[in-house]
Amino acid sequence: MGAAKLGMKNTSLKFLQQLVETPSPPGFEARGQRVWIDYVTSFADCVTHDAYGNVVATINPGGSPRVMLAAHADEIAMTVNYICERGFVYMRRVGGIDPAIMRARRVRIHSTGGDVPGVIGNVPPHLKGRDGKESVPKMHELFVDLGVSSRKEAESLVQVGDLITLADSFERLGKQIAVARAFDNRVGLYMIAEAGEILAGAKKKPSAEICLVANVMEEVGLLGARQIAYSLKPDVALITDVTHATDYPGVEKRMHGDVRLGKGPTLTYGGPNHREVVTLLERVAKKEKIPLQRESMSASTGTDTDVVFWTRGGIPSALISLPNRYMHSPVELVHLDDVARIPLLMAGFAKSLRSKQSFQVKI
Ligand SMILES: [Zn+2]
């Protein structure tokens with residue numbers, strides 16, 4: 001499919017930007033969820049949420065089968081762990097933060113009184129030891145400078161347990177690339193919302209009930225997905241998240257496979273990815289002229305798919321991934337054509353389902 005046909009509307013781009021720029025650390029996703037709810041409310045038949053903040057937007061309630069289109073709503077973060085006498089803030093990681101790239105970053109500490117700006121301190125080269133070795137810091141060696149001079153003053157702004165995110169924002173690079181702090185996985189929420197919008201506006205009403213799910217706390221152990229997959233009890237589930245693009249210097253393709261930006265979403269073969277669901281996705285992609293890339297796996301995908309598929313007696317599930325360069329950094333890159341293709345694939349899949357369709361491995 002040509003890039004022209006995939007062109008993103010300005011309103012869609014604005015929504016994507018708003019999603020990735022709204023802090024949504026694990027366990028503290030409410031503000032990010034509100035942005036998503038305000039958007040999907042315009043076309044969903046109903047929007048509900050559970051005790052922990054997993055949100056479900058339903059289209060065509062009462063339809064059959066019940067298909068779950070899910071993405072995790074949280075982003076990697078840190079939390080205030082200790083405040084020293086001089087008012088410097090020490091952190092604990094919440095999800096896969098890489099301490100090697102955290103020095104000299106601007107951060108926001110999300111306190112009950114609002115967002116507090118700070119910077120992660122960095123010792124300049126002039127003041128470093130003369131042994132010439134650049135050390136990778138341990139998490140507990142990094143500290144946030146709030147511009148205060150005592151613990152008391154710091155505690156008037158932030159408390160132990162307040163969550164911390166980086167302050168980097170959304171930007172376009174070249175024609176079709178975008179960079180942001182939290183594409184993992186705020187972009188997932190964008191993609192399921194777009195899929196829902198396509199389905200809600202379809203001329204022919206789908207047979208399936210479509211549940212768009214924005215689940216919480218993925219980055220700290222795939223937690224919200226377990227809760228919502230159990231309570232929602234879908235007949236089939238598609239999970240979307242980012243995957244590692246390997247098309248830049250320094251990544252060993254012989255170890256990590258060949259995944260490129262702009263060449264379409266990836267399907268993953270093996271593990272929780274149900275054969276029949278994956279086969280139907282391939283068929284839909286062919287019909288809709290959506291290019292696909294392939295990834296193999298031995299045991300776990302590292303995504304919510306790993307916990308959704310074993311819920312109750314087993315929910316037929318498949319992962320659809322968005323190629324992403326520099327994951328878990330403030331400069332995650334994605335290709336906007338890939339971002340536009342995943343909603344088409346998800347919506348095409350949901351449209352193709354017949355009433356009471358079930359997925360069984362043929363034996
Ligand atoms: Zn993710």
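Q: Into which domains is the protein divided?

A: Happy to start there. In this predicted model, domain 1 covers 3-75 + 181-352, while domain 2 takes up 77-166. Taken over C-alpha atoms, the centres of domain 1 and domain 2 are 32 Å apart.

Q: How many residues does the contact take from domain 1 and from domain 2?

A: Domain 1 gives eleven residues to the contact, and domain 2 gives twelve residues. On the side of domain 1 that touches domain 2, you will find six nonpolar, two polar and three charged residues.

Q: How many bridges join strand 11 to strand 17, and which residue is the bridge partner of I177?

A: Strand 11 (residues 177-180) and strand 17 are antiparallel and are joined by four bridges. The partner of I177 is H335 in strand 17.

Q: What joins strand 6 to strand 7?

A: A hairpin does, passing through two residues. Strand 6 (residues 106-111) and strand 7 (residues 114-120) run antiparallel, with six bridges between them. Within this pair, S111 is opposite G114 of strand 7. Strand 7 also pairs with strand 8 (residues 143-145), again in the antiparallel sense, over two bridges. There, I120 has V144 of strand 8 as its bridge partner.

Q: Which residues have the most contacts inside the largest nonpolar core?

A: They are L69, V187, I192, V213 and M346, in a core of 77 residues.

Q: What should I expect of phi and of peptide bonds?

A: Most residues other than glycine have a negative phi, and most peptide bonds are trans. Now for the peptide bonds to look at here. The bond from S64 to P65 is cis, with omega near -10 degrees, and P65 sits in the loop between strand 2 (55-59) and strand 3 (66-72). Another cis bond joins D184 and N185, with omega about 0 degrees; N185 belongs to helix 5 (residues 183-200).

Q: What is phi for M217, and is M217 buried or exposed?

A: M217 is not a glycine, yet its phi is positive, about 55 degrees. Find M217 in the loop between strand 12 (209-215) and helix 6 (223-232). M217 counts as buried because it has 25 C-beta neighbours inside 10 Å, where 20 or more are needed.

Q: And where does H328 lie?

A: H328 is in the loop between strand 16 (317-324) and strand 17. H328 is another residue other than glycine with a positive phi, near 55 degrees. H328 has 17 C-beta neighbours inside 10 Å, so it counts as partly exposed.

Notes:
Residues numbered from 1 in each chain as written. Predicted model: local features only at pLDDT ≥ 70, side-chain atom pairs only at ≥ 80, totals over all residues. Domains from an automatic or database assignment. Contact = placed C-beta atoms within 7 Å. Nonpolar A, V, L, I, M, F, W, Y, C, P; charged D, E, K, R; others polar. Pairing = 2+ DSSP bridges. Core = buried A, V, L, I, M, F, W, Y, C linked by C-beta atoms within 7 Å. Buried ≥ 20, exposed ≤ 12 C-beta atoms within 10 Å, placed from the backbone.
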